[in-house]
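Dear colleague,

I am handing over the structure below, and after it you will find an account of what turned up when I went through it. Please read the notes with the structure open beside you.

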Amino acid sequence: MAGAARRRDGHVTQERMLEEAMTAIAEDGLSSLTMSALAERLGTSGGHILYYFGSKDLLLLAALRWSEAALAEERRALLSRRITAERKLDRFLRLYLPRGPRDPRWTLWIELWARTPGNSALGEAQEELDRGWHEDLETLLAAGVARRRFAPLDAGARASELLALLDGLSTRVVLGQDSGRDPRPALEVARSAVRALITPYDAVAADDDEQNGVGNAPGGADDGPSVTGNAPGSAAS
């Protein structure tokens, strides 16, 4: 592992440090991650890691930013896909929720929340990362309304409500609480919340469309379960 982590000049790259930190958190938990332990995993020195990050807090924040940057790319790709807004929303839920109790990204989020009150830099970072998720979800919902997949709604307010719910569900999964250890039930709860909070366009506007001679806009390809509506086959896959 040490050899793979090293460049030819004998130094470990910053990206490799962050990748290994996330792996260590997933395998052994956050409490076991120390600068010396990470340095040993990488075959380098604790001083070399400190040179780049300055402190464990900054290393953890950098690791979270690195992880979130990859997810931001996935969100951008998702928003550009030619599939229905319902399918995009379902995939958004999957991206947001943790993959299990040892999800390193969500472990870092919970740690960040705990440290934010006394650290303005962490607070600003949290707001920045949260903003990316909120803006993309708001864009997704607004596009769904524009394409007549969702009934008219306040996209910003609804995005805030859904993200607050997802935060709570994610915390239960990562903390390993009895009803939240398995991420699949959390996804089902999230889907149920979407069905309660977001009304399909045709559920409230079909009569008006018929009277005005307006048809539904094409919604794109269908390649997965829907999180809105009550059509058969919309159950989780």
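**Leucine 38 and its surroundings**

Leaving aside its neighbours within four places in sequence, leucine 38 is in contact with Met17, Glu20, Ala21, Leu33, Ile49 and Leu59. Please keep in mind that this is a predicted model. Leucine 38 belongs to helix 3, which covers residues 35–42, and with a relative accessible area of 0% leucine 38 is buried, since buried means under 20%. One of its contacts, alanine 21, stands 17 residues away along the chain, yet the C-alpha atoms of leucine 38 and alanine 21 are separated by 6.7 Å.

**Helix 2**

Alanine 21 is also among the buried residues of helix 2, together with Arg16, Met17, Leu18, Glu20, Met22, Ala24 and Ile25. Helix 2 runs over residues 14–28, and because its 15 residues should span 21 Å at 1.5 Å a residue, the 21 Å between its end C-alpha atoms agrees with that expectation. Just after helix 2 comes glycine 29, which takes a positive phi of about 90°.

**The nonpolar core**

In soluble globular proteins, nonpolar side chains tend to be buried together. Here the largest nonpolar core has 56 residues, and those with the most contacts inside it are Leu33, Ile49, Leu89, Phe92, Leu108, Leu137 and Leu141. Leucine 141, for its part, touches Leu89, Phe150, Leu153, Ala155, Arg158, Ala159 and Ile198, when residues up to four places away in sequence are not counted.

**Helix 5 and helix 8**

On the side of helix 5, Leu61, Leu64, Arg65, Glu68, Leu71, Arg75 and Leu79 take part in the meeting, while helix 8 brings Leu122, Ala125, Glu128, Leu129, Gly132, Trp133, Asp136 and Leu140. Sorted by class, this contact has nine nonpolar, one polar and five charged residues.

Helix 5, which covers residues 56–79, also holds serine 67. Serine 67 is buried, with a relative accessible area of 12%, and, not counting residues up to four places away in sequence, it touches Met22 and Arg105; Met22 is one of the buried residues of helix 2.

With best regards

Definitions and conventions. Residues are numbered from 1 along each chain as its sequence is written. This is a predicted model: local features need pLDDT of at least 70, side-chain atom pairs count only at pLDDT 80 or more; totals for chains, interfaces and linings use all residues. Side-chain values use heavy atoms; hydrogens and water are left out. Helices (H or I, at least four residues) and strands (E, at least two) are DSSP runs, numbered from the N terminus. Buried means under 20% relative accessible area, exposed over 50%, partly exposed in between (1.4 Å probe, protein chains only). Contact means heavy atoms within 4.5 Å. A nonpolar core is a set of buried Ala, Val, Leu, Ile, Met, Phe, Trp, Tyr and Cys residues joined through side-chain atoms within 4.5 Å. The expected span of a helix is 1.5 Å times one less than its number of residues. Ala, Val, Leu, Ile, Met, Phe, Trp, Tyr, Cys and Pro count as nonpolar, Asp, Glu, Lys and Arg as charged, and the others, Gly among them, as polar.
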